[in-house]
Amino acid sequence: MATSPRMLSKKLLSFILIIYMVVAPPPAKAAVTCSTVYDGVHPCLSYVLFGGSVSTDCCNGLESLIVAATTTADRQSACSCVKSLASHATDEELSRAASIPGQCGASVPFEISPNVDCSKVK
């Protein structure tokens, strides 16, 4: 069964966002938005959806997101973006997304999961 371009695009966005950071208390307090997360992890999309290897661009994007998320609100905002998208991912895609920080030698302050409690991210 073929996947429509629109569905593939939606999945790509979902998985890019799954790759990274934090939930938003009041959105006005967070500088990191879902657009910020998407832009940072866009190079990771192919890996999340299809496997293969994690690119240098993916790792660089992840690192830039980690650096940008300087406050608790930023990290919680990124977490909520990832959590929302994770709810649409397959187990295999979630597994690949969750493996990216380790492959890049980076530390993400929350679990990449549809069940993460972003309010507990510090």
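**Entry 1: Cys44 and Cys58**

I began with the pair Cys44 and Cys58, which are joined in a disulfide with an S to S distance of 1.9 Å; I note at once that the model I am reading is a predicted one. The torsion about the S-S bond of Cys44 and Cys58 comes out at about 100 degrees, so I recorded this disulfide as right-handed. Cys44 sits in the loop between H2 and helix H3 (45-50), while Cys58 belongs to helix H4 (residues 56-68), so the pair ties together parts that are 14 residues apart in sequence. I then looked up the burial of both ends: Cys44 is buried, with a relative accessible area of 0%, and Cys58 is buried as well, with 0% relative accessibility.

**Entry 2: the other disulfides**

How many disulfides does the search return? The count comes to four, and two further pairs are written up here.

I took Cys34 and Cys81 next, whose disulfide has an S to S distance of 1.9 Å. This pair links distant parts of the chain, since Cys34 lies in helix H2 (residues 34-41) and Cys81 in helix H5, 47 residues apart.

I then turned to Cys59 and Cys104, whose sulfur atoms are 2.0 Å apart in a disulfide. This pair also links distant parts of the chain, with Cys59 in helix H4 and Cys104 in helix H6 (residues 91-104), 45 residues apart. About the S-S bond of Cys59 and Cys104 the torsion is about -80 degrees, so this disulfide is left-handed. For Cys59 I found a relative accessible area of 18%, and Cys59 therefore counts as buried, the limit being under 20%.

Counting the bonded cysteines along the chain, I wrote down the disulfide pattern of the protein as 1-6, 2-3, 4-7, 5-8.

**Entry 3: Asp74 and Arg75**

Asp74 is buried yet has no salt bridge, the nearest side chain of opposite charge being that of Arg75, 6.4 Å away. Read from the other side, Arg75 is likewise buried and without a salt bridge, with Asp74 as its nearest side chain of opposite charge at 6.4 Å. The distance of 6.4 Å explains why the two are not paired with each other, because a salt bridge requires the nitrogen and the carboxyl oxygen to be within 4 Å.

What do these side chains reach instead on the backbone? For Asp74, I noted that the side chain reaches the backbone nitrogen of Ala31 at 2.6 Å, and that one of its polar atoms lies 3.3 Å from the backbone nitrogen of Thr70. For Arg75, a polar atom of the side chain lies 3.2 Å from the backbone oxygen of Thr70, and the side chain also reaches the backbone oxygen of Lys122 at 2.6 Å.

**Entry 4: salt bridges**

A search of the whole structure gave me two salt bridges. In one of them Glu92 pairs with Arg96, with the closest N and O atoms 2.6 Å apart. Glu92 and Arg96 are four residues apart in helix H6, which means that about one helical turn separates them. Their accessibilities were looked up separately: Glu92 is exposed at 53%, while Arg96 is buried, with a relative accessible area of 13%.

In the other salt bridge the side chains of Lys120 and Asp117 meet at 4.0 Å, N to O. Here I recorded Lys120 as exposed, with a relative accessible area of 63%, and Asp117 as partly exposed at 36%.

**Entry 5: the whole chain**

Buried residues make up 45% of the 122 residues. Among contacts between residues at least 6 apart in sequence, 85% join residues at least 24 apart. The protein exposes about 6,300 Å², of which carbon and sulfur atoms supply 54%.

Definitions and conventions
Residues are numbered from 1 along each chain as its sequence is written. This is a predicted model: local features need pLDDT of at least 70, side-chain atom pairs count only at pLDDT 80 or more; totals for chains, interfaces and linings use all residues. Side-chain values use heavy atoms; hydrogens and water are left out. Buried means under 20% relative accessible area, exposed over 50%, partly exposed in between (1.4 Å probe, protein chains only). Lys and Arg count as positive and Asp and Glu as negative; His and the chain ends are not counted. A polar contact is a pair of N or O atoms within 3.5 Å; within protein, one must be able to donate a hydrogen and the other to accept it, and residues adjacent in sequence count only if both atoms are side-chain atoms. A disulfide is a pair of cysteine sulfur atoms within 2.5 Å. Helices (H or I, at least four residues) and strands (E, at least two) are DSSP runs, numbered from the N terminus. Contact means heavy atoms within 4.5 Å. Accessible areas come from the Shrake-Rupley method with a 1.4 Å probe; for residues, only the protein chains shown count as cover.
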